[in-house]
There are 2 protein chains.
Amino acid sequence: VGTPSEVVRGFLAAIEAKDVDAALDFLADDVSYENMPMDPIVGKVATDAVLRSFLEPAAAVEWRILREVVIDELVVNERLDRFRIGDDWLELPIAGFFEINDQGLIRRWRDYFDMGSYTRQLAALTGGG
Amino acid sequence: VGTPSEVVRGFLAAIEAKDVDAALDFLADDVSYENMPMDPIVGKVATDAVLRSFLEPAAAVEWRILREVVIDELVVNERLDRFRIGDDWLELPIAGFFEINDQGLIRRWRDYFDMGSYTRQLAALTGGG
């Protein structure tokens, strides 16, 4: 069992490798994945589907940690999540709050970001040829 | 000079009182107010104008701290910012990062939230009669 910071960094590294199976290994079975203010996505099966859906269009993925704060079982980070679409990068500033359980698994993953910034960039990068 | 937590809580209390002059007293002259991913609003004069513009339509304001993490001069909070518009409340989940300087003033205020959630609720509450 790694430290909370190691768990989150391992998870993000798996995301960057687009290895969803490896990423899921860092999540508790009853994980709550919360893109604020949308309804929580609960459980590994539902999270699996969402992760694949937004990693699939990206030729490469970088989720850069710009700042990390750890208090007990809580890891907070400011990130710049980047997705390469064709020859360009979609970039999204995100604040993430990860709660780690006693088994060293992520039981809550809450991200705050501007959804419109994501959808506008995705439309521009996929529709603009 | 208060602790970083006291500074942020004093600032938020002034916002809730819709007392922009009192709120500005908690900010450094060169404050950077950053609604991610928009360009920073720099300086008290510019911040003053923005604060008044979004407090003005609200009959009442509540910015509830749901979680607070303090590391040295950094205060991180998860908030539910609420604005009463007519008989209803606009509610916005926010992640805030506040950096406090040596004088006990906020020198950077960075908020992460979904702007579309704000604009859609505001349109519904002001346009729906």
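Predicted model: local features only at pLDDT ≥ 70, side-chain atom pairs only at ≥ 80, totals over all residues.
Visitor: What makes A:Arg67 and B:Glu99 a salt bridge?
Guide: Their side chains meet at 3.0 Å, N to O. The cut-off is 4 Å between a side-chain nitrogen of Lys or Arg and a carboxyl oxygen of Asp or Glu, so the pair qualifies. The count between chain B and chain A is 4 salt bridges.

Visitor: Which elements of chain B touch chain A?
Guide: Those that give two or more residues are strands S3 (60-71), S4 (74-85), S5 (88-100) and S6 (106-112), and helix H4 (115-127). S5(B) gives the most, with 5 residues. By class, this side of chain B has 14 nonpolar, 2 polar and 5 charged residues.

Visitor: How do you know what area is buried between chain B and chain A?
Guide: Buried area is the accessible area that two parts lose on being put together, summed over both. Here that is about 1,800 Å², and carbon and sulfur atoms give 66% of it. B:Arg67, B:Glu78 and B:Tyr112 supply 29% of the area that chain B buries against chain A, more than any other three residues.

Visitor: Why do strands S2 and S3 of chain A count as edges?
Guide: The open sheet has 6 strands, in the order S2-S1-S6-S5-S4-S3. S2 (41-42) and S3 (60-71) each have a single partner strand, so one side of each is left without a neighbour in the sheet.

Visitor: What makes S1 and S6 of chain A a pair?
Guide: Two strands pair if there are at least two bridges between them. S1 (27-36) and S6 (106-112) have 6 bridges, in the parallel sense. They therefore pair. A:Tyr33 stands opposite A:Trp109 in S6(A).

Notes: Residues numbered from 1 in each chain as written. Chains lettered and ligands numbered in written order. Heavy atoms only, no water. Buried area = accessible area lost by both parts, 1.4 Å probe. Helix = DSSP H or I, 4+ residues; strand = E, 2+ residues; numbered from the N terminus. Nonpolar A, V, L, I, M, F, W, Y, C, P; charged D, E, K, R; others polar.
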